[in-house]
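Look at the sequence and the model, then read on.

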Amino acid sequence: MLVRSLGLATTLVVAGWLSGCGASFPPLSPNATASISTDGSALGAAYPSIGSEKPDGMPTPFGDPNATSTGGREVIENPTVADVMAPSPLPEMSWGRTDAPVTIVQYASLTCPHCRHFHETTYPELKRRLIDTGRVRYILREFPIGKTSGNATIALRCAPPDKYLELYGKFMQQQASWVSQEVRLDAIYAVARQVGMTRPQFDACLQNQGMIENLKWVKDRGRKLGIVGTPNFFIGNKLIKKELTITEIADYVEQAGRGGTPTAAASP
């Protein structure tokens, strides 16, 4: 009964975290990098300050990838590096030198198959070539799409910081075991316990109202910067609304390093 009650309470709290992808994901095609998962349903009480979105909650393709506003929400038309790097109520989850000449910010949802594909195929090369060599600081920001993703994201933030990327990878790699239209807390916990989280810690985490409010701030800030789906990336102050290849990332990093203001200079 305790687990059932916690599930109902958490579902109500994260009612605005929208319907995400289903549990079964088809193999990604070679041109999968043109696709993303979109955030597009009514928000309810979880985001009372943000305007209307599509009521059906189903992902829809992007129209103009350069669009600067959606659904009547406030969107910064040309965000600066300072806008992108504005101080957050949660610590930035980042890897690489804090004074790296270029910062990459990725917005991701744990239920997004294209985020999974990026993490499994591109991130290892990004780490080896650009993060570990000191050229890039990489920041991962949460943009949960769906109630299931919302619950998993709360658990992700409750993990110790040195386990964050490990747990993120496990949620990505094991999407088929825990993602579904209905929130399945036992399945989400089955992933979280792999990094040492106990069930009492997990249950308490899902009731952490301060954490939930801070995560809503992170997603709200993303929307104001023009994020409407995942994966989305900022390289410097350039927003790219698609999954990137390592070749594209290297090209963007070179451009940013030549002509842009180093993003690390805007870090709080």
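C112 is buried, with a relative accessible area of 1%. Buried means under 20% relative accessible area, exposed over 50%, and partly exposed in between (1.4 Å probe, protein chains only). This is a predicted model: local features need pLDDT of at least 70, side-chain atom pairs count only at pLDDT 80 or more, and totals for chains, interfaces and linings use all residues. Residues are numbered from 1 along each chain as its sequence is written, and side-chain values use heavy atoms, with hydrogens and water left out.

- C115 counts as buried, at 0% relative accessibility.
- C115 is in no disulfide (a pair of cysteine sulfur atoms within 2.5 Å).
- Its nearest cysteine sulfur belongs to C112, 3.1 Å away.

**The disulfide**

- A disulfide is a covalent bond between the sulfur atoms of two cysteines.
- The structure holds 1 disulfide.
- This disulfide joins C158 to C205, with an S to S distance of 1.9 Å.
- The torsion about the S-S bond of C158 and C205 is about 90 degrees, so the disulfide is right-handed.

**Where the partners sit**

- C158 lies in helix α5 (residues 147-158) and C205 in helix α9 (residues 199-205), so the pair ties together parts that are 47 residues apart in sequence.
- Helices (H or I, at least four residues) are DSSP runs, numbered from the N terminus.
- C158 is partly exposed, at 28% relative accessibility.
- C205 is buried, at 4% relative accessibility.

Technical notes:
Helices (H or I, at least four residues) and strands (E, at least two) are DSSP runs, numbered from the N terminus.
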